[in-house]
Protein chains: 2
Amino acid sequence: MTLLDSQRLARQLRFITELDRLKQVLRQTSLIDGSRHENSAEHSWHLAVMATVLLEYAPAGTNLTRVLEMLLLHDVVEIDAGDTFCYDAQANLDKAAREQAAATRIFGLLPDDQGVRLRRLWEEFEAGETTEAGFANALDRLQPLLHNFYTQGGTWRVHNISRAQVLERMRPIERGAPPLWPYVLNLIDEACDLGFIAA
Amino acid sequence: MTLLDSQRLARQLRFITELDRLKQVLRQTSLIDGSRHENSAEHSWHLAVMATVLLEYAPAGTNLTRVLEMLLLHDVVEIDAGDTFCYDAQANLDKAAREQAAATRIFGLLPDDQGVRLRRLWEEFEAGETTEAGFANALDRLQPLLHNFYTQGGTWRVHNISRAQVLERMRPIERGAPPLWPYVLNLIDEACDLGFIAA
């Protein structure tokens, strides 16, 4: 390799080794067996597998590669910014600013062309407007719904979350993966009946 | 949804919730800060991000989506079969049989068409013969190399692994991601110089 090539590879590997730290960012959600909190790296893996398995519920023409790349990267800013609990209104006030600063530092580790491309993918996910971002966001809501349901209420019970709050939180599924919406409504109803969500 | 559709979705979600268990399968490799062992779910995420960042070192025409799907799924059989340490000759004797049985059960949770498709992807990864499988296998060797290097020898030191053993283990990188091979050879030499690999 030329000197230029090896500098490019060095920046790519610096980004890759930095990402190891996402394995230590803990989310509010527990593993399904309740043994410990989930971290953001394994969460991102889980969402990416879900995208492969549930692609048939995405709008026709959805580009799977873009969805996968978005999901793999959607939480890397948490290395600096931490995981912000979705129902914590206070912490969500400055979430965007903290995450933008993190994106500048972390994607800035990469060679410029790649840093720009991957940051744009992350921003596309955050905006949630394209078909791919809509589907990716839908999965990012569905997975904690499943975890909370299968841990008898999980973070809903810990924080006394209401049916209306859960329903609002799950809305992106209605738009991003419409065929899954009736299932989600059923599961929320069942969670209420079982006392997993506050009446 | 029709009754048939909801049964299909139920099988897909059964597979997805089963996968949560991969987050509890520990590998020999440590996180780069040495704080704990890495699990196979977060490892799979790390490899998938690496595929996105390092795609330019794959042979021309490599299909990224197939590589990503392979990497996301390559370790799911470990839910039943456990992680087999690559330098443990005894445990590797029955590894293939244990993993085939695991694949039958785990991919069998899915609707038949999907179970067949994803199992074939896993088998393609295991065989390592296609361009996509070659590149995916290269990354699966490169990531532990980086972790061992940045943990001052990691599993190499624990198990007194020789330079010849490391070199043999890394060979798939030479074929699967040829432009990375000179870097790998340099890193192994440096690891020997630093005493991370037994003389």
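Predicted model: local features only at pLDDT ≥ 70, side-chain atom pairs only at ≥ 80, totals over all residues.
1. Relation of the copies. As background, any two copies of a chain are related by a rotation about an axis and a shift along it.

2. Extent of the interface. On the chain B side, 51 residues are in contact with 51 residues of chain A. About 4300 Å² is buried between the two chains, and carbon and sulfur atoms give 68% of that area. Within chain B, the residues that lose the most area to chain A are Ile16(B), Lys23(B) and Trp45(B); together they make up 17% of what that side buries.

3. Surface used by each copy. The copies meet through the same surface, because 100% of the interface residues of chain B are also interface residues in chain A.

4. Nonpolar core. The largest nonpolar core holds 130 residues. Those touching the most other members are Phe15, Leu54 and Leu142 of chain A, and Phe15, Leu54 and Leu142 of chain B. In soluble globular proteins, nonpolar side chains tend to be buried together.

5. Surroundings of Leu54(B). Which residues are in contact with Leu54(B), leaving aside its neighbours within four places in sequence? From chain A there are Leu9(A), Gln12(A) and Ile16(A). From chain B there are Phe135(B), Leu139(B) and Leu142(B). Of these, Leu142(B) is also named above among the core residues that touch the most other members.

6. Helix H11 of chain B. Helix H11(B) covers residues 181–193, 13 residues in total. From first C-alpha to last it reaches 18 Å, close to the 18 Å expected at 1.5 Å a residue. Its buried residues include Trp181(B), Tyr183(B), Val184(B), Leu187(B), Ile188(B) and Ala191(B). Seen down the axis of H11(B), the buried residues fall within an arc of 155°, so they line one face of the helix. Asn186(B) and Asp193(B), on the other side, are exposed. Just after the helix, Gly195(B) takes a positive phi of about 80°.

7. Ser6(A). This residue is found in helix H1 of chain A, which covers residues 3–19. Is Ser6(A) buried, exposed or partly exposed? Its relative accessibility is 31%, so Ser6(A) counts as partly exposed, the class between 20% and 50%. Arg119(A) is 113 residues from Ser6(A) along the chain, and their C-alpha atoms are separated by 23 Å.

Note on methods. Residues numbered from 1 in each chain as written. Chains lettered and ligands numbered in written order. Heavy atoms only, no water. Core = buried A, V, L, I, M, F, W, Y, C linked by side-chain atoms within 4.5 Å. Buried < 20%, exposed > 50% of the residue type's maximum accessible area, 1.4 Å probe, protein only. Contact = heavy atoms within 4.5 Å. Helix = DSSP H or I, 4+ residues; strand = E, 2+ residues; numbered from the N terminus. Expected span 1.5 Å × (residues − 1). Arc of directions from axis to C-beta. Buried area = accessible area lost by both parts, 1.4 Å probe.
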